[in-house]
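Let us walk through this model step by step. Keep the 3D view open as you read.

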Amino acid sequence: MVSPSPDPSPVQQPAPGTTPPASPSATSSQGGVSGSATSPFGAQAQQAGLNIVVLDPAHGGTDPGARGTGGIRESEIVLDFVIQVRRALELQGFQVVQTRQGNENPSFDDRSATANAQRGAVFVSLHISSTGLPGTVRVYVNSDLSPVADSNGLIPWDRAQAPFLGLSKTFGDLVQGFLTQRFKGSPDSAQTASVRQLRTTAAPAIAVEISSVTVEDRADLDRMAPGVADAVARGAAAFKPSYIVPNSPGALP
Amino acid sequence: MTPRWRFWLIGGLVIAVLAAAIYFPILRRRVKRAARLQQQSEEQARRELTQPIVINPGDPRVKTKLFWASDAIDSTLVPATVDLPLSNDPVLRSKQVLNTLLAGPVDAELRTLPPDALLLAFYLLPDGTAIADFSEALATSIPSGIVSEQLAVSSITRTLEANVPQVRRLKILIHGQEVETLAGHLDLMGTFVVNTTPAQPTLKPVPTPPSTDKPASPAAADKASAPATGTLTPDKAPGKLAQPERKP
């Protein structure tokens, strides 16, 4: 179970295209949580709005993810992408937390736990596909989940994403919009899929999948990284005004 | 202990260590090979136990919609319509359409499921929940990625939706086990919604007489019946990638 929310906060309507607000004063360092606001128990010191982005480079360790013919491994490329996404987010004033720093492979639940421990966070899982039109990027939000109706006000861990699906869709559409401006042939809006990593995350959560490891030259993928980073950062900044952060980590929105 | 005994003792120990160092990797390889063979034989035994679903030519022929990829790169599904003799029993019918789906289209690039994947078992519970047990190849041979895994599962659910109205939702097992994901991305812990409308009491077959060249297997049925009905004919409006709504 995720922590209770006795007084769920209202959620405003999304504001697509909203000008990114001024950056919070937080700074961050490579590798891990930075700034005092990232403490799950530091709610008093935190700012009221969205200020943390949890980046999840998929796979790692003994799980390489998608593999291309030229020895391209998804688990390695997403780490390189995360560096650029992190930089772009920090320029927008966000603090960044990573679910893995190197070639580890945390479990799905461990990755979700990293996000669920934050207050005022969104979750972005980065993937490279094996198929699909090379040079395009798709954003996914979790498929519909049965509603949370726990009388104790607790969110069941295995459906932690359920109360956040609407917010995730708003966030995903914003990021997808910026990605499609840059990468022609990408969808116009976020897709839905039962992505395991998203289901147990109690925060607005999206998966970003870049096509694909089938490129002959890895440089083709590397060239996409700045565009992906910029789109994620702009999407997070545009989403920020529409997300009223719950009172406690993991609470209902 | 005399120096001579000590010499022999140390020499013996050195020889024993050397022998162990040589033998240990061989032993390890043998154990691994034995484990692999055992796993393969279990899989083989299971395949042998799983009777192939032969399409009964006496069954009424119905226009069957099978969902394969629209092209090798695009991530959408299109229905192909094939005339197949299908059973009115929902379990048999599900097995028939899924085996035909697994056999694949004429153009192999449009496959959504690995060619070596098998349907091991199929059950239908009274509440409309279907359980489809696939061989491990479904998980190990599919290209890893959200888009490819989603395409695979959507082709299964949409094919069932189009042909077996009794199936309301689908649970996918791999080799009899519940697994967390298909190939690292798509969540298999819950069920996928197949049909949201109430099932019809009886299926209405298309009154097409059985053809004389009767296929003997689902794969043959696919390939044999396709030319007879004007090849696999995608519907005019290509279907978008299905969005299976997971309701665990």
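Start inside. This is a predicted model, and its largest nonpolar core has 113 residues. The residues with the most contacts inside that core are Val53(A), Val122(A), Val175(A), Ile206(A), Val208(A), Val228(A) and Val232(A). Which element gives the core its largest share? Helix H6 of chain A, residues 225–239, supplies nine residues.

Now pick out Ile206(A). Leaving aside residues up to four places away in sequence, Ile206(A) touches Val124(A), Val139(A), Tyr140(A), Val141(A), Ser168(A), Phe171(A), Gly172(A), Val175(A) and Ala190(A).

Next, find the sheet in chain A. Six strands form an open sheet, in the order S2-S1-S3-S6-S4-S5. The pairing is mixed. Why do S2 and S5 of chain A each have one side without a neighbour in the sheet? Strand S2 (95–98) and strand S5 (191–193) stand at the edges, so each has a single partner strand. On average, neighbouring strands of this sheet are turned by 30 degrees against each other, direction ignored.

Look at one pair more closely. Strand S4 (residues 137–142) and strand S6 (residues 205–210) of chain A run antiparallel, joined by four bridges. Val139(A) has Val208(A) in S6(A) as its bridge partner.

Helices pack on this sheet. Helix H1 of chain A, residues 74–91, touches strand S1 (52–57), S2 and strand S3 (121–128) of chain A. The direction of H1 makes about 145 degrees with that of S3(A). Helix H3 of chain A, residues 165–182, packs on the sheet too, touching S3, S4 and S6 of chain A. The direction of H3 makes about 175 degrees with that of S4(A).

**Over to chain B**

Chain B has five helices and seven strands. Along the sequence they follow the pattern α-β-β-α-β-β-α-α-β-β-α-β. Of the 248 residues of chain B, 40% count as buried. Take the contacts in chain B between residues at least 6 apart in sequence: 74% of them join residues at least 24 apart.

Chain B has an open sheet of four strands, in the order S3-S4-S5-S6, with mixed pairing. Strand S3 (119–124) and strand S6 (192–193) of chain B are at the edges, each with a single partner strand, so one side of each has no neighbour in the sheet. Helix H2 of chain B, residues 90–103, packs on this sheet and touches S3 and S4 of chain B. The direction of H2 makes about 145 degrees with that of S3(B).

Do strands S4 and S5 of chain B pair in the parallel or the antiparallel sense? Strand S4 (residues 129–134) and strand S5 (residues 169–174) of chain B are parallel, over six bridges. In S5(B), Lys171(B) is the bridge partner of Ile131(B).

**Where the chains meet**

The contact takes 26 residues from chain A and 21 residues from chain B. On the side of chain B that touches chain A, seven residues are nonpolar, nine polar and five charged.

**How confident is the predictor?**

The complex gets an ipTM of 0.79 and a pTM of 0.72 from the predictor. Chain B has a mean pLDDT of 78, and 72% of its residues reach 70 or more. Confidence in chain B is highest in S4(B), at 98, and lowest in strand S7 (residues 233–234), at a mean of 36. Over residues 201–245 of chain B, the pLDDT is below 50. Beyond near neighbours in sequence, that stretch has 89 contacts in the model.

Definitions and conventions. Residues numbered from 1 in each chain as written. Chains lettered and ligands numbered in written order. Predicted model: local features only at pLDDT ≥ 70, side-chain atom pairs only at ≥ 80, totals over all residues. Core = buried A, V, L, I, M, F, W, Y, C linked by C-beta atoms within 7 Å. Buried ≥ 20, exposed ≤ 12 C-beta atoms within 10 Å, placed from the backbone. Helix = DSSP H or I, 4+ residues; strand = E, 2+ residues; numbered from the N terminus. Contact = placed C-beta atoms within 7 Å. Pairing = 2+ DSSP bridges. Axes fitted to C-alpha atoms, helices over the stretch in contact; angles between N-to-C directions. Nonpolar A, V, L, I, M, F, W, Y, C, P; charged D, E, K, R; others polar. pLDDT = per-residue confidence, 0-100.
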